[in-house]
Amino acid sequence: MLGLKERIVAVVPILEYPHSILRQRAKSVAAIDKTVFRLADDLMDTLVDSGGVGLAANQIGSLRRVIALKMPEDEEPSVYINPRIVHREGVREVSEGCLSFPDHYGIVQRSMWVRVTGLDRKTNVFQICADGLLAQAFEHETDHLNGILFIDHLLSHQHLFEYPDEEEVEPEHEPNDEYLAEAAQ
Ligand SMILES: [Zn+2]
């Protein structure tokens, strides 16, 4: 039975590498109108459906600076409009994947923490200091808005790895932080 709060979920196709829009720079959102809210809804619904931790507008065919993030502990995704990293500190190596590169991951360098500013879904100005997976996700998704992909950050001696077939995976341990860091973005 449909609940009163039932609404149409808009899961849209995620564009995969080497689609040319993934290499284009998205434009700042100048005015918040219903098309921005529609894009935000599409990003959130598609991200939740994918099971990933982040999705940028480029990945669903829009060149506007909007991203959605959903950390493993979050019940709901969050949307950020015109997100901008204003400070980065430290360097670490992390395992990373991308929803536009299904079944692949690589080792990249990311910051220890970042400070990000922009507008949230209610168009309030936000400023977030993030570390761990959240910092990694902000860096990964703002890169997308600039046409930069995680393969551009692969350490020179590294290459892209393919996840083993599912039957070869032995899930004998609970997922740990390292595993979560590999969640696709
Ligand atoms: Zn990505």
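Strand 6 (113–120) and strand 7 (125–131) are paired in the antiparallel sense through seven bridges; strands here are DSSP runs of E with at least two residues, helices are DSSP runs of H or I with at least four residues, and both are numbered from the N terminus. Two strands count as paired if DSSP finds at least two bridges between them. The structure is a predicted model, in which local features need pLDDT of at least 70 and side-chain atom pairs count only at pLDDT 80 or more, while totals for chains, interfaces and linings use all residues. Residues are numbered from 1 along each chain as its sequence is written.

Thr 123, in the loop between strand 6 and strand 7, has a positive phi of about 65 degrees although it is not a glycine. Thr 123 is exposed, with 11 other C-beta atoms within 10 Å.

Strand 3 pairs in turn with strand 2 (residues 66–69), in the antiparallel sense and over four bridges; here Val 66 stands opposite Ile 81 of strand 3. Three bridges link strand 2 with strand 1 (residues 54–56), again in the antiparallel sense, and Ala 68 of strand 2 is the bridge partner of Leu 55.

In a regular strand, side chains alternate between the two faces of the sheet. In strand 2, Val 66 and Ala 68 point one way, Ile 67 and Leu 69 point the other way, and all are buried. Leaving aside residues up to four places away in sequence, Ile 67 touches Gly 54, Leu 55, Ala 56, Ala 57, Tyr 80, Pro 83, Glu 141 and Leu 145. Such contacts require C-beta atoms, placed from the backbone, to lie within 7 Å.

The largest nonpolar core holds 35 residues, of which Leu 43, Ala 57, Val 66, Ile 67, Ala 68 and Val 79 touch the most other members. At least two residues of this core come from each of helix 1 (34–50), strand 1, strand 2, strand 3, strand 6 and helix 2 (132–145). A nonpolar core is a set of buried Ala, Val, Leu, Ile, Met, Phe, Trp, Tyr and Cys residues joined through C-beta atoms within 7 Å.

Helix 1 has 17 residues and reaches 24 Å from its first C-alpha to its last, close to the 24 Å expected at 1.5 Å a residue; the expected span is 1.5 Å times one less than the number of residues. Its buried residues are Val 36, Leu 39, Ala 40, Asp 42, Leu 43, Met 44, Thr 46 and Leu 47. These buried residues pack against strand 1, strand 2 and strand 3. Just after helix 1, Gly 51 takes a positive phi of about 80 degrees. In the segment before helix 1 lies Pro 18, which is joined to Tyr 17 by a cis peptide bond with omega of about 10 degrees.

A separate group of three strands forms an open sheet in the order 4-5-8, with antiparallel pairing. Strand 4 (92–97) and strand 8 (161–162) stand at its edges, each with a single partner strand, so one side of each is left without a neighbour in the sheet. Strand 5 (104–110) and strand 8 are joined by two bridges, and Tyr 105 has Phe 161 of strand 8 as its bridge partner. Asp 103 is placed in the loop between strand 4 and strand 5. Its phi is near 65 degrees, a positive value in a residue other than glycine, and Asp 103 is exposed, with 11 other C-beta atoms within 10 Å.

Overall, the secondary structure comprises three helices and eight strands, following the pattern α-β-β-β-β-β-β-β-α-β-α along the sequence. Of the 185 residues in the protein, 34% are buried. Among contacts between residues at least 6 apart in sequence, 67% join residues at least 24 apart.

Key
Buried ≥ 20, exposed ≤ 12 C-beta atoms within 10 Å, placed from the backbone. Contact = placed C-beta atoms within 7 Å.
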